[in-house]
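Colleague: I would like a close look at one helix and its surroundings. Please take me through that part slowly, and then through whatever else in the chain deserves a note.

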Amino acid sequence: MIMIIIAVRSQPVCWPSVKARHCSHCFQYFLPALRWLFFALHLPSITTFSYRRSRAFLIDSAHHFFSCLIPMKKKRPVLQDVADRVGITKMTVSRYLRNPEQVSFALRDKIAAALDELGYIPNRAPDMLSKATSRAIGVLLPSLTNQVFADVLRGIETVTDAAGYQTLVAHFGYNAEKEELQLRSLLGWNIDGVILTERSHTPGSLRMLETAGIPVIEMMDSLSPCLDMAVGFNNIEAARQMTQAILHKGYRHTVYLGARLDERTLQKQQGYEQAMREAGLTPHSVMMEKASSFSAGAMLLHEARSRHPETDSLFCTNDDLAVGAMFECQRLGLQVPQDMAIAGFHGHDICQVVNPRLATVLTPREQMGEQAATMLLARIAGDTSKPQPCDIGFSILEGGSI
């Protein structure tokens, strides 16, 4: 009977704190209740009433105990908290946040100090959703690890930051269906415009963009048809000229290495094949669906030499594959460019520090981001002109690897 008394005593009250990760009170009574339930199951003489009370208390104690293991989200300070700290109305605080010059000098310092002390975080969601303009643009990137898009984003934010616009970035991993999901999410924030990095979109994405009626600009390509505005370069011509640079050095068995098989990889393949056929040579490509990496470059080198033993040069869809192939050549004892010429694409910084310096196509990615943001903000501001796709060009850097 002593066990029964322990098990059915009143449930303690618990106030979990942000710092506390568990509740000693709940732990104290949860274990005795568990012991009593086990004891009751093995004693038929115990009344059903006692068993039910103990079981109910066990469930309540377990719920309390495990809920205390989950840290509670701290309540954020609101405008009223700031107003109470300073001794003013929350409308005054709201005016200060919109434009500090609308508040007296004396109050500015006090409000600023209160905001800092409370760690106030403004909630822009209501403004973004209720006003005609949100002063935010969306940017959809296919990769967050590719340096190409890191450079492009830096260029975009150089312009948007100066103009007082927020940049909402979403990643879709070269997947058109995921791009549609991310686009729906961005449009839900009432963005004023959107920057895309692909030309191929799902019917759902196209319908949403038409319904939203906001300015759209597509990057990375100046040749393919665009929805509204475009800025980029001619991937086909860039690949053709790089292949020609290799062939002009006397190589005749150039193989194209590609990865991911996205639309720009296929455009570069088209330019490579065009240059090879213009020279009366047979093009050969070794491709993979996985993402580019140094190790992928090494693997594709072996595949190219296995399929085409006469291979004397490689043109890679990007610098990652090219550098990986170069490292693997050095590991195999093949001299670059004497035994194997190698060229990449995009002109990353690593091209300048490998030995020999990597031949590559230099693309002005940061400038492309700046131009895309400038064109988009001009359209948002009311520019109704219909500009032609902006071609920012490219440069061929022969380095020392061809």
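Modeller: The part to look at is helix H15, residues 365-380. Keep in mind throughout that this is a predicted model. H15 has 16 residues, and from its first C-alpha to its last it reaches 23 Å, close to the 22 Å expected at 1.5 Å a residue.

Which residues of H15 are buried? They are Arg 365, Met 368, Gly 369, Ala 372, Ala 373, Met 375, Leu 376, Leu 377 and Arg 379.

The axes of H8 and H15 come within 7 Å and cross at roughly 40 degrees. An angle between 35 and 65 degrees falls in the oblique class, so H8 is oblique to H15. The crossing in which H8 passes H15 is right-handed. On the H8 side, the contact is made by Gln 147, Val 148, Asp 151, Val 152, Arg 154, Gly 155, Ile 156, Thr 158, Val 159, Thr 160 and Ala 163. On the H15 side, the residues are Arg 365, Glu 366, Met 368, Gly 369, Glu 370, Ala 373, Thr 374 and Leu 377. By class, this contact divides into 8 nonpolar, 6 polar and 5 charged residues.

Helix H11 (residues 235-248) and helix H12 (residues 263-278) pack at an angle of about 45 degrees, with axes 7 Å apart. H11 and H12 are therefore oblique to each other, and H11 passes H12 in a right-handed crossing. H11 contributes Asn 235, Ile 236, Ala 239, Arg 240, Thr 243, Gln 244 and Leu 247 to the contact. From H12 come Arg 264, Gln 267, Lys 268, Gln 270, Gly 271, Tyr 272, Gln 274, Ala 275, Met 276 and Glu 278. The contact of H11 with H12 holds 6 nonpolar, 7 polar and 4 charged residues.

A third pair has another geometry. Helix H4 (residues 79-86) and helix H5 (residues 90-98) pack at about 105 degrees, and their axes are 8 Å apart. That angle makes H4 roughly perpendicular to H5. Leu 79, Gln 80, Val 82 and Ala 83 of H4 meet Lys 90, Val 93, Ser 94 and Leu 97 of H5. This contact has 5 nonpolar, 2 polar and 1 charged residues.

Most residues other than glycine have a negative phi, and most peptide bonds are trans. Arg 135, which is not a glycine, has a positive phi of about 55 degrees. With 37% relative accessibility, Arg 135 counts as partly exposed.

Tyr 174 also has a positive phi, near 60 degrees, and lies in the loop between E2 and H9. Its relative accessible area is 24%, so Tyr 174 is partly exposed. Asn 175 is placed in the loop between strand E2 (166-171) and helix H9 (176-187). Asn 175 is partly exposed at 34% relative accessibility. The C-alpha atoms of Asn 175 and His 201 are separated by 9.4 Å, with the two residues 26 apart along the chain.

Where are the cis peptide bonds to look at? The bond from Val 336 to Pro 337 is cis, with omega near 15 degrees, and Pro 337 is in the loop between helix H14 (319-332) and strand E9 (341-343). Asn 355 and Pro 356 are joined by a cis bond with omega about 0 degrees. Pro 356 is in the loop between E9 and strand E10 (360-362).

Last, the setting as a whole. The chain has 15 helices and 12 strands, and buried residues make up 46% of its 402 residues. Of the contacts between residues at least 6 apart in sequence, 70% join residues at least 24 apart.

Note on methods. Residues are numbered from 1 along each chain as its sequence is written. This is a predicted model: local features need pLDDT of at least 70, side-chain atom pairs count only at pLDDT 80 or more; totals for chains, interfaces and linings use all residues. Side-chain values use heavy atoms; hydrogens and water are left out. Axes are lines fitted to C-alpha atoms, for helices over the stretch in contact, and angles run from 0 to 180 degrees between N-to-C directions. Helices (H or I, at least four residues) and strands (E, at least two) are DSSP runs, numbered from the N terminus. Angles under 35 degrees count as roughly parallel, over 145 as roughly antiparallel, 65 to 115 as roughly perpendicular and the rest as oblique. A crossing is left-handed if the near helix is turned anticlockwise from the far one by less than a right angle, and right-handed if clockwise. Contact means heavy atoms within 4.5 Å. Ala, Val, Leu, Ile, Met, Phe, Trp, Tyr, Cys and Pro count as nonpolar, Asp, Glu, Lys and Arg as charged, and the others, Gly among them, as polar. The expected span of a helix is 1.5 Å times one less than its number of residues. Buried means under 20% relative accessible area, exposed over 50%, partly exposed in between (1.4 Å probe, protein chains only).
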